[in-house]
Number of protein chains: 2
Amino acid sequence: MPGGAIAVASDHAGFDLKEILKRDLQQAGHEVLDLGTNSVQSVDYPDFGHAVADAVASGKANRGVLVCGTGIGMAIAANRNPRVRATVVHDVTSARLSREHNDANVVAFGQRLIGPEVAREALKVFLATQFEGGRHVGRVAKLAKGCMS
Amino acid sequence: MPGGAIAVASDHAGFDLKEILKRDLQQAGHEVLDLGTNSVQSVDYPDFGHAVADAVASGKANRGVLVCGTGIGMAIAANRNPRVRATVVHDVTSARLSREHNDANVVAFGQRLIGPEVAREALKVFLATQFEGGRHVGRVAKLAKGCMS
């Protein structure tokens, strides 16, 4: 993975896993940009999904990590930004393929759906895996198409 | 689920599962709008994700079903449309929660990642589950925020 910060965020339902992943990233020597939330008090997940998307799209961060109860709402929010390619990941295989085929730059986990060891390993693989390029380049370019009404 | 057509599409890597799900939907009495692809010849998944998103956003279809190798690229493409809430689904639980909490209107499956019986049951649950409303309404409204640059 190229250098650069990794932006992390969660809502209340993903706070515990976000803290675990953040610690892993820091221990691996990554610069981590923690965009919240900072407790298990109820918040709205789109605010945090948008914040990480903005950080990645602006170049402040190279990759983004999102956690909510399912990862679903977070990934939807982040994908509103056409420079972001975010996906829910349940396993190492999805994490690898999202990088190899889709050049995903944001990964979303569901704290209520997968265990912390699965998420930790999937994140490691996500960060270590290169985009394959080749036949995938044109397809990824089509994902940069902005929103339609 | 309210009435209305269901738009389905896949790329080449999701063609077989798309055909299985389409048949299920037709046998259950749904009106199905098949937006392709129609063979296993290589195509670009974003074209099909965008097509289903347009159909759902315009009201031509009430729900959308997407299949590619992983579901990942399709869901990213569909979520470029702020009226679409699309998610990759690996299981019945994700399918249920995507409806209850996120009011998801498009579901994406990965033919290379999950088996057809899992996808068939998850789709049935996706279509049968109502949005919970309540505290989720404001959050879903925030997902309608358009793209940021």
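Predicted model: local features only at pLDDT ≥ 70, side-chain atom pairs only at ≥ 80, totals over all residues.

User: How do you know that chain A and chain B are in contact?

Analyst: Contact means heavy atoms within 4.5 Å. By that criterion, 44 residues of chain A are in contact with 44 residues of chain B.

User: What area do chain A and chain B bury between them, and what does the term cover?

Analyst: Buried area is the accessible area (1.4 Å probe) that two parts lose on being put together, summed over both. For chain A and chain B the value is about 3900 Å², with 57% of it on carbon and sulfur atoms. The size of an interface is often given in this way, as the accessible area lost when the parts come together.

User: Why is the pair Lys142(A) and Asp47(B) called a salt bridge?

Analyst: The term requires a side-chain nitrogen of Lys or Arg within 4 Å of a carboxyl oxygen of Asp or Glu.

User: How many residue pairs are in polar contact between chain A and chain B, and what makes a pair count?

Analyst: There are 22 such residue pairs between the chains, both residues being at pLDDT 80 or more. A polar contact is a pair of N or O atoms within 3.5 Å; within protein, one must be able to donate a hydrogen and the other to accept it, and residues adjacent in sequence count only if both atoms are side-chain atoms. On the side of chain A that touches chain B, the elements giving two or more residues are helices H2 (45–58), H3 (72–78), H4 (92–100) and H6 (136–142) and strand E4 (86–88) of chain A. H2(A) gives the most, with six residues. Helices (H or I, at least four residues) and strands (E, at least two) are DSSP runs, numbered from the N terminus.

User: What makes E3 and E5 of chain A a pair of strands?

Analyst: Two strands pair if DSSP finds at least two bridges between them. Strand E3 (residues 63–68) and strand E5 (residues 106–110) of chain A have five bridges in the parallel sense, and therefore meet the condition. Gly64(A) stands opposite Val106(A) in E5(A). The open sheet of chain A has five strands in the order E2-E1-E3-E5-E4, with parallel pairing.

User: Why are E2 and E4 of chain A called edge strands?

Analyst: Strand E2 (32–34) and E4 of chain A each pair on one side only. Neighbouring strands of this sheet are turned by 20° against each other on average, direction ignored.

User: Which helix of chain A lies across E1, E3 and E5, and how is its angle defined?

Analyst: Helix H5 (residues 116–128) of chain A does, running at about 170° to E5(A). Axes are lines fitted to C-alpha atoms, for helices over the stretch in contact, and angles run from 0 to 180 degrees between N-to-C directions.

User: What is the arrangement in chain B?

Analyst: Chain B has an open sheet of five strands in the order E2-E1-E3-E5-E4, with parallel pairing. Strands E2 (32–34) and E4 (86–88) of chain B are its edges, each pairing on one side only. Five bridges join the parallel strands E1 (residues 6–10) and E3 (residues 63–68) of chain B, and Ser10(B) stands opposite Val67(B) in E3(B). Helix H1 (residues 15–27) of chain B lies across E1, E2, E3 and strand E5 (106–110), at about 165° to E1(B).

User: What does the salt bridge of Asp34(A) and Lys22(A) tie together?

Analyst: The side chains of Asp34(A) and Lys22(A) meet at 2.7 Å, N to O. Asp34(A) lies in strand E2 and Lys22(A) in helix H1 (residues 15–27) of chain A, so the pair ties together parts that are twelve residues apart in sequence.

Technical notes:
Residues numbered from 1 in each chain as written. Chains lettered and ligands numbered in written order. Heavy atoms only, no water.
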